[in-house]
Amino acid sequence: MNLHQKLSLPDLQNWIENVTKLTQPNKIYLCDGSEAEYQNLINEMQETEDLIKLNSDKYPNCYLHRSDPSDVARVEHLTYICSNNKDDAGPNNNWMDPKEAHSKMDLLFKNSMKNRTMYIIPYCMGPIDSPYSRCGIEITDSPYVVINMKLMTRIGQSALNRILKEKEYVKGLHSIGKLDPNERFIMHFPDELSIKSFGSGYGGNALLGKKCHALRIASWQAKNEGWLAEHMLIVGIEDPKGNIKYIACAFPSACGKTNLAMLIPPKSQPGWKIWTLGDDIAWLHLDDSGEMRAINPEAGYFGVVPGTNERTNKNAFDMIHKDTIYTNVGLTEDNEPWWENKNTGIPTKDWQGNIYKAENGVAAHPNSRFTVSAKNNPSYSSLAEAPEGVPISAIVFGGRRKKLAPLVYEAKNWKHGVFIGAGIASETTAAATGKKGILRRDPMAMLPFCGYNFADYWSHWLSFERKTEKLPKIFHVNWFRQNDKGMFLWPGFNENLRVLRWIIDRCEEKIDAQETPIGFLPHRDDIDMNGLDIPNKNIDELLSVDEKEWLNEIQSIGEYIQNFGQRVPKGLLDQFKKLEIELSKSST
Ligand code: GTP
Ligand code: SPV
Ligand code: MN
């Protein structure tokens with residue numbers, strides 16, 4: 001069969017033909033998703049030095065990719081939502097008129113694949129037989145993208161079969177161009193279900209199934225169809241009796257999702273187990289009975305490397321010792337990957353391949369990443385491929401905040417929970433270019449990823465209360481509180497299970513809590529501190545609410561949401577007013 005016959009959908013054939021004419025590739029290759037194809041690409045990329053083979057005794061089937069030094073993170077200022085109607089994109093997005101955006105992009109794509117192979121990657125986001133899954137096709141000139149998509153999604157013939165049957169799929173066009181930051185744009189066309197990305201080979205900018213499709217485009221589809229596409233991990237927590245509860249947690253980029261999703265219970269918590277469903281994205285649907293269920297649209301992890309070690313995240317540490325693509329880490333003399341806080345080995349080369357000198361800074365880029373199939377995770381859940389997903393008992397929001405936000409608190413009801421999500425603030429991290437450590441509002445951890453106007457997004461969240469009485473409870477956590485010396489007050493990582501246990505106890509209505517204006521906080525004795533050596537004053541600080549500071553916080557949230565004007569739902573403004581009144585009363 002020739003390519004035309006294999007892609008037997010007129011719309012798909014036309015698109016491929018148009019892209020071919022525009023980009024002028026040397027060769028066209030339709031990916032079948034096989035292991036042999038993966039291995040061939042790996043071999044070719046070693047020849048072109050796009051990949052370096054790592055020490056095969058200690059890191060079998062592992063490779064290092066070094067990206068262009070100017071292309072190491074997402075570029076929020078170059079990412080656009082090109083809705084037909086500007087107001088649909090909202091103040092939370094950069095917007096460009098779709099016609100203008102297409103002509104700008106097509107100029108860049110003109111002849112961009114000359115002397116290159118054009119890869120066609122059919123992919124499925126979600127279990128291949130799930131009614132909740134959605135497909136797409138990414139066209140790219142980057143073999144690095146192909147091998148990453150192979151690990152991160154389900155690519156190849158089965159996805160193509162589903163596309164030919166459903167006739168609806170997201171069209172993603174990608175070229176690395178010249179990797180010139182001045183010719184780099186990530187454009188989304190939600191009304192057309194299409195994406196055009198040029199000039200970057202970095203994960204979130206180039207693996208179009210991930211943030212571009214599964215969040216920006218999918219969030220818009222979800223709004224129109226009554227579901228949610230969220231920047232959330234999904235995890236199952238098994239108690240010593242064998243009961244498993246599932247929760248979904250939204251934390252901003254590089255704020256602990258991967259770590260929480262594969263936590264190993266500390267020794268002092270015998271009998272508890274953690275099962276990973278997903279570490280970055282959740283698609284949430286109400287089933288026929290009104291229960292909220294989640295699937296993970298992805299099939300692999302694109303995780304932050306620095307900080308991963310035996311103590312912080314042993315599952316990830318073990319998992320990335322085989323079948324892993326590393327991007328932008330350092331190297332040891334023995335050709336082993338090295339990163340900050342690996343706690344073993346000595347780096348000799350930095351992430352750009354230069355001789356490593358401590359005085360020049362880090363060996364691994366702070367946003368260096370691993371790509372690995374979820375199947376390699378020791379805590380991979382047997383329900384991760386279940387077409388019907390898993391029932392969600394709690395939604396947990398979080399952020400990276402040195403001050404103010406307690407370790408954990410619970411929303412009083414759904415509306416209040418939506419307000420808490422809308423008010424998330426977090427310190428910026430290396431996952432995006434720009435200044436780090438700046439506190440910014442990041443509603444539902446979706447600021448860089450919501451494909452439409454936040455005001456409409458909040459209305460959509462609120463609408464779920466009218467659809468079902470079985471909604472999950474909503475919580476907020478903060479693992480990142482510091483004392484005045486800059487030390488973390490909470491040990492975090494595996495010890496976070498203690499907080500998850502409180503959350504589950506609350507969901508099961510096993511314990512009561514202290515009511516405060518910002519929500520329900522744990523009674524000190526209800527968080528199991530057995531085996532932890534934390535000064536009482538730290539615990540008091542972690543579980544306290546400074547009402548004066550909170551009044552300032554709520555007013556700043558109020559100012560933020562009012563930037564979204566007339567479209568902000570009344571339900572959210574009411575929450576703001578109620579809280580402002582309550583806090584003004586109690587803080588005077
Ligand atoms: P994205 O992949 O960018 O969406 O990030 P993520 O939310 O999955 O974050 P990840 O789990 O990779 O953690 C990011 C950084 O935070 C890593 O350097 C971790 O070591 C660190 N981290 C994660 N959990 C904790 C915690 O509980 N406490 C502290 N102090 N640091 C943490
Ligand atoms: C994030 O930045 O939230 C990530 C990495 O998960 S990326 O895929 O680049 O978006
Ligand atoms: Mn993420």
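User: A polar contact is a pair of N or O atoms within 3.5 Å; within protein, one must be able to donate a hydrogen and the other to accept it, and residues adjacent in sequence count only if both atoms are side-chain atoms. How far does a polar side-chain atom of arginine 74 lie from an oxygen atom of ligand 2?

Analyst: This is a predicted model, in which local features need pLDDT of at least 70 and side-chain atom pairs count only at pLDDT 80 or more, while totals for chains, interfaces and linings use all residues. Residues are numbered from 1 along each chain as its sequence is written, chains are lettered from A and ligands numbered from 1 in the order in which they are written, and side-chain values use heavy atoms, with hydrogens and water left out. For arginine 74, the distance from a polar side-chain atom to an oxygen atom of ligand 2 is 2.9 Å.

User: How much of ligand 2 does the protein bury?

Analyst: The side chain of lysine 211 places an N or O atom 2.6 Å from an oxygen atom of ligand 2. Taken alone, ligand 2 exposes 290 Å² (accessible area by the Shrake-Rupley method with a 1.4 Å probe), and the share buried by the protein is 98%.

User: How much of ligand 1 does the protein bury?

Analyst: An N or O atom in the side chain of arginine 369 is 2.8 Å from an oxygen atom of ligand 1. Polar side-chain atoms of asparagine 496, at 3.0 Å, and of arginine 400, at 3.2 Å, also face an oxygen atom of ligand 1. Taken alone, ligand 1 exposes 660 Å², of which the protein buries 91%.

User: Which helix gives the most to the shell around ligand 1?

Analyst: Ligand 1 is surrounded by 21 residues, and Lys257 and Asn259 are among the closest. Helices are DSSP runs (H or I, at least four residues), numbered from the N terminus. With 3 residues in the shell, the largest contributor is helix α10 (residues 257–261).

Conventions. Near = heavy atom within 4 Å. Helix = DSSP H or I, 4+ residues; strand = E, 2+ residues; numbered from the N terminus.
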